[in-house]
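Here is a brief structural report.

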Amino acid sequence: MITLKKIWIWYKHKVTENCTDDLVANTSLVYWQNKLFAASVIYLIPISLITIIPGLYMVYIEDLAGLFVSDIVTITIVLSVAFYSGWEVKTRKILFNGALYLTSTVLLFYLGSFGPGLLYLLAITVFVVLSLGKVYGYIAVGLNTLICAIIGILIYYDYGNFEVIHGYGVDTWIAVSSNLIFLSAVSVYIIPILFDGLQTAIIRENNLRTDLELEEAQLSQTVDKLNEKNQELEQFAYSISHDLKEPLRMVKSFMGLLQKKYGKKLDEKANQYIHFAVDGADRMQLLIDDLLDYSRVGRSGTEKVPVDFNSVLEDVEQNLGALITQHEAEIHIDHTLPEVSVFRQEIIRVFQNLISNGIKFHKPDGKPVIHVNCFDKQTHWQFEIRDNGIGIPEENLNEIFEIFRRLHSGSEYPGTGIGLAITKKIIDRHGGKLWVESEVDVGSSFFFTLKK
Ligand code: ADP
């Protein structure tokens, strides 16, 4: 069913289609000039159709044939501007403004100072500047001057039988009309300044947005590439460490055979060299295992599941049972721990690494005491594993998270330096952060966050 709403939508669409230009970018001033023009045409037609009825009535009573003709001409032009599809937008604007000029001039003649003629001229000038720009604005000021001059001459010679001719003396007319010309000239001068500013702002904003989009695209490309390279690197580390295991096993077993078969025939130095070689191979085996371990993080392929962290801590205490008993360590869980969606086995490793480090790096003269804390930070949980151990010098606080980075020799404290690197990789993979605060000889606090 054709409703009034449907007609209105079709009408708006049609006028907008004719009075705007799809090829103009919506960031340019012309785009907004066209929009303003289309909106003016859309709303002016129904309003003028309403006002034409009293207008025609007045024309009928007062016998103003000229006004009638101009009304009809104006309406025909405005309707053609709105609906005829063969014109360019600029032509429509010129025709539209021309029609308005015609009406206002005729109104001026017929109704003189009682009518809105002079005000119309000013309004049209403003509209010309808004819809067509500065140059046409100056043409409008010229037209205003011409119209006012013609009326002035008509008044002077008392020619014709119009309201405006009888309503003014030349002096008053010059005073009134020069005000109009002055005001329209000021509008034509001022409005483009505002528009130029707007245009510059629009262009600048647009350029900034384009730059930003470009940078964002580049950044995401770089991140993609980086991720790809990282994966390649991890794959490479995984295969290398995997492939290295076999020759290393061979070196070890042949060294063992060498010692077994020829050990007695070799002198002490040769036996010591064999021992060094086996020891080196053992350490290398450990490092390779750790490297494999590191590159395996995230390969489990399991899904994150809601995990009760109290149960995680129970598992960790069980796994570290021997170490805890050996060092008579105390482990205090200061808060009930929350449930968080994580990869369970990986989070067990995180707690295990941090707590076992807290026990391992205890002061020679004291028993290790570890506190596990959890803080609710609205968007995420922040966990703390605090110990009363040897502490870490400030300058080393960041580097301890690097792979194989140790601050102590293996004879002082056993280990390969992979634990914190793995811990960091796991926390990164969970989208969290890991950091440490520490004071030498007082203890360390390792913090990590997990999204809720
Ligand atoms: P590893 O324990 O095998 O040495 P990690 O990666 O776990 O490897 O730790 C790296 C280094 O960080 C350790 O060698 C040690 O110097 C330092 N470190 C880690 N945790 C602590 C801690 N709780 N207290 C003091 N130093 C620590």
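## Two positive phi values

Glutamate 328 sits in the loop between helix H11 (321-327) and S2. Helices (H or I, at least four residues) and strands (E, at least two) are DSSP runs, numbered from the N terminus. The phi of glutamate 328 is near 50 degrees, a positive value in a residue other than glycine. Most residues other than glycine have a negative phi. Glutamate 328 counts as exposed because it has 10 C-beta neighbours inside 10 Å. The burial scale uses C-beta atoms placed from the backbone: 20 or more others within 10 Å means buried, 12 or fewer means exposed, and anything in between is partly exposed.

Aspartate 441 is another non-glycine residue with a positive phi, about 70 degrees. Its place is the loop between S6 and strand S7 (443-451). Aspartate 441 is exposed, because 9 other C-beta atoms lie within 10 Å.

## Basis of the model

This is a predicted model: local features need pLDDT of at least 70, side-chain atom pairs count only at pLDDT 80 or more, and totals for chains, interfaces and linings use all residues. Residues are numbered from 1 along each chain as its sequence is written.

## The five-stranded sheet

In what order do the five strands of the open sheet run? The order is S2-S4-S5-S7-S6, with mixed pairing. Two strands pair if DSSP finds at least two bridges between them. Strand S2 (330-333) and strand S6 (434-439) are the edges, and each pairs on one side only. The twist averages 15 degrees from one strand to the next. Axes here are lines fitted to C-alpha atoms, for helices over the stretch in contact, and angles run from 0 to 180 degrees between N-to-C directions.

S2 and strand S4 (residues 369-377) run parallel, joined by four bridges. Isoleucine 333 has valine 372 of S4 as its bridge partner. Serine 438 is bridged to serine 444 in S7. The hairpin of S6 and S7 has three residues between the strands, and aspartate 441 takes its positive phi there.

## The S1 and S3 pair

Strand S1 (residues 305-308) and S3 also pair, in the antiparallel sense, over four bridges. Valine 307 has valine 340 of S3 as its bridge partner.

Which side chains of strand S3 (residues 339-342) are buried? Val340 and Val342 point to one face and are buried.

## Nonpolar cores

The largest nonpolar core has 38 residues, and Val41 and Ile124 have the most contacts inside it. H1 (4-19), H2 (29-62), H3 (65-83), H4 (89-111), H5 (117-132), H6 and H8 (170-262) each supply at least two residues of this core. H4 gives the most, with 10 residues. A nonpolar core is a set of buried Ala, Val, Leu, Ile, Met, Phe, Trp, Tyr and Cys residues joined through C-beta atoms within 7 Å.

Isoleucine 124 touches Asn97, Leu100, Tyr101, Ser104 and Ala140, leaving aside residues up to four places away in sequence. Contact means C-beta atoms, placed from the backbone, within 7 Å. A second, separate core has 33 residues, including Ile347, Val350, Ile385 and Ala421.

Leucine 143 lies in helix H6 (residues 134-156). Leucine 143 counts as buried because it has 20 C-beta neighbours inside 10 Å. Leucine 143 and alanine 39 are 104 residues apart in sequence and 25 Å apart in space, C-alpha to C-alpha.

Proline 393 lies in the loop between strand S5 (380-386) and H13. Proline 393 counts as exposed because it has 10 C-beta neighbours inside 10 Å. Proline 393 and aspartate 63 are 330 residues apart in sequence and 103 Å apart in space, C-alpha to C-alpha.

## The ligand shell

Which residues come nearest to the ligand? Of the 21 residues around it, they are Asn357, Leu407, Gly415, Gly419 and Leu420. A residue is near a molecule or strand if its C-beta atom, placed from the backbone, lies within 6 Å of it.

Helix H12 (344-360) and helix H13 (419-429) each supply at least two residues of the shell. The shell divides into eight nonpolar, 10 polar and three charged residues. Ala, Val, Leu, Ile, Met, Phe, Trp, Tyr, Cys and Pro count as nonpolar, Asp, Glu, Lys and Arg as charged, and the others, Gly among them, as polar.

Note on methods:
Two residues are in contact if their C-beta atoms, placed from the backbone, lie within 7 Å.
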